[in-house]
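Morning, everyone. One structure today, in a few minutes. Let me put it up.

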Amino acid sequence: MAEEVSNKQVVLKNYVSGYPKESDMQIVTSSIKLHIPPDTQNAVLVKNLYLSCDPYMRGRMAENGAASYLSSFQPGEPLSGYGAVKILDSTHPNYKKGDLAWGFTGWEEYTLQVSPQLLIRIEQTDLPLSYYTGILGMTGLTAYAGFYEVCSPKKGEYVYVSAASGAVGQLVGQLAKLFGCYVVGSAGSKEKVDLLKNKFGFDEAFNYKEEPDLDAALKRYFPEGVDIYFENVGGKMLDAVLPNMRIRGRIAVCGMISQYNLDKPEGVHNLPNIIWKRLRLEGFIVSDSYHLYPKYLETVIPYIKQGKIVYVEDVAEGLESGPASLIGLFTGRNIGKQLVVVSRE
Ligand SMILES: NC(=O)c1ccc[n+]([C@@H]2O[C@H](COP(=O)([O-])OP(=O)(O)OC[C@H]3O[C@@H](n4cnc5c(N)ncnc54)[C@H](OP(=O)(O)O)[C@@H]3O)[C@@H](O)[C@H]2O)c1
């Protein structure tokens, strides 16, 4: 008989409206057998090592998860999201004990996954495993697919990135610089602005919280206008960017984090610029781009190894830090990619 062990979990207490709070979640301890039950085929039992905190998870905390593009979390159940995991037991032909993988898993110490279609085996293990929650995982692919496929960049173009020091933004800026663009980023603190300029190599950066007039700030950094706007924020920022776009500019709509906690989304007033400037605004979701993942790894891994791309992580220790880390995304507490260490091995 398989031994039962305790299994700490981060559970949603109640559906959330408005800004999420730590008290919307709680840590509970249940138990789990570390072997797959007999007759359960195509299953893996995983030990969760690193969990990714992602803004889209806010949509899943709402009762009407349809407002996001994924189903809602269930109150009383552990949250789920992206993570890096170790396979402890497998009846799935693609995985064996000891393999590492990244993809969807539970916010708990151990997860039994039946039909784990949403896991990708990790072959490259000479880089930090935590990178599979960020630069080598979903967020990295988001930056790559968004920049190359949606922005249609040309060398020398003027690129603006909002939430630029975050998990996606820091990479978009570095990819754009390597491609030969002029890149400006905005972020919400002096420390983040310093990172953008001094660590990630952005040409310029500004603290949007200290700019009473976003339009004037954009005119200062882009006197000739913006060719590409990588949109992570929405709301007032999008409104300010629209009149500053150049003719035939592109706006890759990756996210609108400023809107996720509002009961009523803010309006955008400057939409006629889309016509006058012949703009293309295109939303995208990373899950449509998984076919690019092998090509992305071939591109990004040499850049990381040569030191041409760096990646800043905000590492929180222990599942107990999960709720505070997740809600911190919505106040800008995180500096770089926010992740939670459940176990290092
Ligand atoms: N389309 C896709 O498939 C896809 C995939 C991944 C992520 N995304 C989106 O990409 C965006 C960035 O995600 P990420 O994982 O890289 O997160 P992140 O940038 O690492 O963290 C979120 C950051 O957003 C900023 N922020 C929070 N509230 C804000 C507000 N009201 N106004 C302006 N900025 C605010 C904060 O930075 P500051 O201190 O700079 O304010 C915060 O640190 C999000 O909108 C997310 O939903 C989309």
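This is a predicted model: local features need pLDDT of at least 70, side-chain atom pairs count only at pLDDT 80 or more; totals for chains, interfaces and linings use all residues.

Contact here means C-beta atoms, placed from the backbone, within 7 Å. On the classes: Ala, Val, Leu, Ile, Met, Phe, Trp, Tyr, Cys and Pro count as nonpolar, Asp, Glu, Lys and Arg as charged, and the others, Gly among them, as polar.

Now the bounds. Domain 1 is 4–134 + 312–341, and domain 2 is 138–287. They come from an automatic or database domain assignment. The domain centres, taken over C-alpha atoms, are 29 Å apart.

Two housekeeping points. Numbering starts from 1 along each chain as its sequence is written. Local features need pLDDT of at least 70, side-chain atom pairs count only at pLDDT 80 or more, and totals for chains, interfaces and linings use all residues.

Next, the ligand. Where does the ligand lie? Both domain 1 and domain 2 give residues to the shell around the ligand, so the ligand lies between them. That shell holds 31 residues, the closest being G166, G188, G255, S258 and G332. The elements giving two or more residues to the shell are α2 (138–150) and β15 (337–341). By class, the shell has 15 nonpolar, 13 polar and 3 charged residues.

On to the sheet. Helices (H or I, at least four residues) and strands (E, at least two) are DSSP runs, numbered from the N terminus. There is an open sheet of 6 strands, in the order β10-β9-β8-β11-β12-β13, with parallel pairing. Two strands pair if DSSP finds at least two bridges between them. β10 (204–207) and β13 (280–283) are at the edges; each has a single partner strand, so one side of each lacks a neighbour in the sheet. Neighbouring strands are turned by 15° against each other on average, direction ignored.

Zoom in on one pair. β8 (residues 158–161) and β9 (residues 182–187) run parallel, joined by 4 bridges. Y158 has Y182 of β9 as its bridge partner. Helix α3 (residues 169–179) packs on this sheet and touches β8, β9 and β11 (226–231). The α3 direction makes about 165° with that of β9. Axes are lines fitted to C-alpha atoms, for helices over the stretch in contact, and angles run from 0 to 180 degrees between N-to-C directions.

Definitions and conventions
A residue is near a molecule or strand if its C-beta atom, placed from the backbone, lies within 6 Å of it. Two residues are in contact if their C-beta atoms, placed from the backbone, lie within 7 Å.
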